[in-house]
Amino acid sequence: MAKLINKFNSYLERKFIFWAVFTLAILVPFSISLWNVIQGNIPFWYDPARDLLSAWDNLHKITLIGPTSGIPGIFYGPYWIWLLSLGLMISKNPRVVDFVVETLPYYAIFLFILFQFSNLFGKKVILTLWLLFIFTVGFNYTIMLWNPHPAPILFITYVYLITFFPVKNPFRYCMYSLCLGLILGLLLNFHISFAIGVVLGTGMFFIIQLYLLFANNKIKQLHFLKEIALPVLLFIFGLSIIFAPFFLFELRHNFPQTKVLLQTFFKFGNVVTIKGLSKKDIILSFFGRSAAILSLPKVFGLLIGVGELIFASYLIIRNNLKDQEKRILLLLLSISIGVLSIYLTAKNPVWDYHFISVEIIFLLLLGIILTKSSKLAHILLVYAIFIASIGILHFSQSMQTNPYSIPNLITKEYVTHIVLNDAKGVDYNVFIYNPAIYTYDYSYLFAWLGKKNVPFDPGKITEQKNLTYLIYPATKQAIINDFIEYRTPKKFYITAHEWHIADGTTILKRVKITSSNI
């Protein structure tokens, strides 16, 4: 086995073969993501549909706020809605929006930024990291429209800017400071909980950096105005640009979010009564992201993640590192402490999605570790190719399954088309059963495919029609019976037809009882 691994790696030393493999490592997962997007095998549920409806409204009246956050009364910034609006300007088809907003950025921007670390890790390690990322947690980011999913791109860019900070070039030094403010501001707008941990960790990082400068008596060598004051001002200016919509919204509406934030701080954040993950689960979920990028169960995360952090600490203490290696290790360790501290002390609930982007910490730590052991780097590259092969095999098997067996976009489109084709222009009502009450998904689909206004709040439908369609997923029969009776009482309506979809969805065509159909 060792001879085979060495022989394989000797082949990769040849430039042509390496770039051929790297090209395949990009094109194959890109083709899989693209196929899923085109086919409509993409999640389309409450959040993405709600945000698409907001983005559609944004085309007519620009919004200054985005989706609701985990704290009632606090909203994300408008940038996610604005980004979706760019896709909607091209097409109202969610596939096009998904490709523009999620798929393309990961295979262009994320990959480009990751490749910039090749000066630190080497090209073969970058290939390993890319395969591990894209065939595990990263693939879902490329096909699913969701507000936190651009965060890993922003975070890896943020780490890159600090790691390769051009200390000796005054102009680039200032531009990087401005960009850091812009990127951190966007990260706070896309994934606020994680970003607050990043802010805390970055603060710790710079405090340590300043301490080291004082300890080594190098602080006097810095020009205060050019090398400290101006970059800090530019960083704050970058943040201010990003938060301009927030301040404008607050000014126009008498500071509602500011009041909620102050109330949150005074109540120590305990404004939500729902319980999230326990402290034990938070620790397991945090370190579980290190196992996720290796396609291993979460239970291995504690061993792998803690091992990576301990090894990183050992490398720093050993003090046998390049400046950039020391900087990235110290930054990642500080951010790890910052994020964990925020999540462990938060009074508001912490959920699994809060750990989106944490895998980037462990991915980059793994990159440093692989540069210190060529044998481990060779083994992990072979393992990454194995993980990729398994991913390709699963994809080929999924192509043979019924596309309507999962409640994705394609299935809900199919359901919508059944109703539109059956109604044939006759006026009708549509009611969709959803435990969350609001039905943003079908509201968007009927608006897009049939130009019909189906309110996402069923309570807004007050007028009874002669024809009513009921759509409901597989659930308890008692719930189904209550839903049917509430929306179309049996003393007034009868079932004229019903359709059963492979994913368990049922469509009932209910018509009012008249003398002709008794």
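Predicted model: local features only at pLDDT ≥ 70, side-chain atom pairs only at ≥ 80, totals over all residues.
Local features were considered only at pLDDT of at least 70 and side-chain atom pairs only at pLDDT 80 or more, whereas totals for chains, interfaces and linings use all residues. Residues are numbered from 1 along each chain as its sequence is written, and side-chain values use heavy atoms, with hydrogens and water left out.

Helices (H or I, at least four residues) and strands (E, at least two) are DSSP runs numbered from the N terminus. Four strands form an open sheet of mixed pairing, in the order S1-S2-S4-S3; two strands are taken to pair if DSSP finds at least two bridges between them. Strand S1 (429–432) and strand S3 (493–500) are the edge strands, each pairing on one side only. From one strand to the next, the twist averages 20 degrees. S1 pairs with S2 in the parallel sense over four bridges, and Phe431 has Leu470 in S2 as its bridge partner. S3 and strand S4 (residues 506–512), by contrast, run antiparallel and are joined by seven bridges; Tyr493 stands opposite Lys512 in S4.

In a regular strand, side chains alternate between the two faces of the sheet. Both faces of S2 are covered, with Leu467, Tyr469 and Ile471 buried on one side and Thr468, Leu470 and Tyr472 buried on the other. Buried denotes under 20% relative accessible area, exposed over 50% and partly exposed in between (1.4 Å probe, protein chains only). Because six of the six residues of S2 are buried, this strand is largely enclosed by the rest of the structure. Helix H20 (residues 409–423) lies across S1, strand S2 (467–472), S3 and S4, and runs at about 165 degrees to S2. Axes are lines fitted to C-alpha atoms, for helices over the stretch in contact, and angles run from 0 to 180 degrees between N-to-C directions.

The axes of helix H3 (residues 46–58) and helix H4 (residues 79–90) come within 8 Å and cross at roughly 75 degrees. The two helices, H3 and H4, are therefore roughly perpendicular to each other, a class that spans 65 to 115 degrees, with angles under 35 counted as roughly parallel, over 145 as roughly antiparallel and the rest as oblique. Contact (heavy atoms within 4.5 Å) involves residues including Trp56 of H3 and Trp80 of H4.

Helix H9 (residues 151–163) is mostly covered, 13 of its 13 residues being buried. In H19, the buried residues include Leu380, Ile387 and Phe395.
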